[in-house]
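Please consult the sequence and the model shown here while reading.

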Amino acid sequence: MTTHDRWQVAGTDITSRLLLGTAGYPSPQVLAEAIAASETGIVTVGLKRALAVAGDNGFVAIVREAVHRQGARLLPNTAGCRSAREALQLARMARELYDTPWLKLEVVGDEHTLQPDPFELLQAAQQLVREGFVVWPYCTDDLVLCRRLLDAGCPLLMPWGAP
């Protein structure tokens, strides 16, 4: 890995710009192997999914251990939330479960395209930043929204691709 792969977010050095999601793996072992092989710096995990499978196979513990071994950062996300209120509740649970203030904030406005809801997203981001979260908002490319998210204290933006 070269030095240009490193970057810094909210005062924390990240070893790689690659983010790896945890959904869709056929087994926890394959997921752990993918985390190791990818040399990722950040692993995202949807709390709703983690809670759904946690009792069956220790998903939460497996993800935490694999991330720890890799030296990566865990980035819980609020995937599947449709309101600021729901995202706030899930974010607080994620902070307790994963012991991290980092959060990929997702508030879906359209279920078909997964386009973020800019109004609910901004409301949730503002509150979470006030509560000490490091918020990575999954947002549209609207310039005004992006400026407001950055002004609210989000260290970066994660733009939605396209419908």
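The model is predicted, so local features need pLDDT of at least 70 and side-chain atom pairs count only at pLDDT 80 or more, while totals for chains, interfaces and linings use all residues. Residues are numbered from 1 along each chain as its sequence is written, and side-chain values use heavy atoms, with hydrogens and water left out. The protein chain has six helices and eight strands; helices (H or I, at least four residues) and strands (E, at least two) are DSSP runs, numbered from the N terminus.

**Overall make-up**

- Along the sequence, the elements of the protein chain follow the pattern β-β-β-α-β-α-α-β-α-β-α-β-α-β.
- Of the 163 residues in the protein chain, 42% are buried; buried means under 20% relative accessible area, exposed over 50%, and partly exposed in between, with a 1.4 Å probe and protein chains only.
- The protein chain exposes about 8500 Å², of which carbon and sulfur atoms supply 51%; accessible areas come from the Shrake-Rupley method with a 1.4 Å probe, and for residues only the protein chains shown count as cover.
- Among contacts between residues at least 6 apart in sequence, 59% join residues at least 24 apart; contact means heavy atoms within 4.5 Å.

**Helix 1 with helix 3**

- The axes of helix 1 (residues 28-38) and helix 3 (residues 59-70) come within 9 Å and cross at roughly 20 degrees; axes are lines fitted to C-alpha atoms, for helices over the stretch in contact, and angles run from 0 to 180 degrees between N-to-C directions.
- Helix 1 and helix 3 are therefore roughly parallel to each other; angles under 35 degrees count as roughly parallel, over 145 as roughly antiparallel, 65 to 115 as roughly perpendicular and the rest as oblique.
- The crossing of helix 1 and helix 3 is right-handed, a term used if the near helix is turned clockwise from the far one by less than a right angle, and left-handed if anticlockwise.
- Pro28, Leu31, Ala32, Ile35 and Ala36 in helix 1 are in contact with Phe59, Ile62, Val63, Ala66, Arg69 and Gln70 in helix 3.
- The residues of this contact comprise nine nonpolar, one polar and one charged; Ala, Val, Leu, Ile, Met, Phe, Trp, Tyr, Cys and Pro count as nonpolar, Asp, Glu, Lys and Arg as charged, and the others, Gly among them, as polar.

**Helix 5 with helix 6**

- Helix 5 (residues 118-130) packs with helix 6 (residues 143-152) at an angle of about 10 degrees, and their axes are 9 Å apart.
- This angle makes helix 5 roughly parallel to helix 6.
- On the helix 5 side, Pro118, Leu121, Leu122, Ala125, Gln126 and Val129 meet Leu145, Arg148, Leu149 and Ala152 of helix 6.
- The contact of helix 5 with helix 6 involves eight nonpolar residues, one polar and one charged.
- Leu149 belongs to helix 6 and is buried, with a relative accessible area of 0%.
- Leu149 and Ala125 are 24 residues apart in sequence, and their C-alpha atoms are 7.0 Å apart in space.
- Beyond its neighbours within four places in sequence, Leu149 has contacts that include Pro137, Cys139, Cys154 and Leu157.

**Buried residues in or after strands**

- Trp7 is found in strand 1 (residues 7-9) and counts as buried at 18% relative accessibility.
- Not counting residues up to four places away in sequence, Trp7 touches residues including Thr12, Ile42, Trp136 and Leu156.
- Asn77 is found in strand 5 (residues 73-77) and is buried at 7% relative accessibility.
- Trp160 lies in the segment after strand 8 (158-159) and is buried at 13% relative accessibility.
- The C-alpha atoms of Trp160 and Tyr138 are separated by 6.3 Å, although the two residues are 22 apart along the chain.

**Positive phi values in loops**

- Asp99, which is not a glycine, has a positive phi of about 55 degrees.
- Asp99 lies in the loop between helix 4 (84-98) and strand 6 (102-105), where Asp99 is exposed at 66% relative accessible area.
- Leu114 is not a glycine either, and has a positive phi of about 65 degrees.
- Leu114 is placed in the loop between strand 6 and helix 5 and is partly exposed, at 42% relative accessibility.
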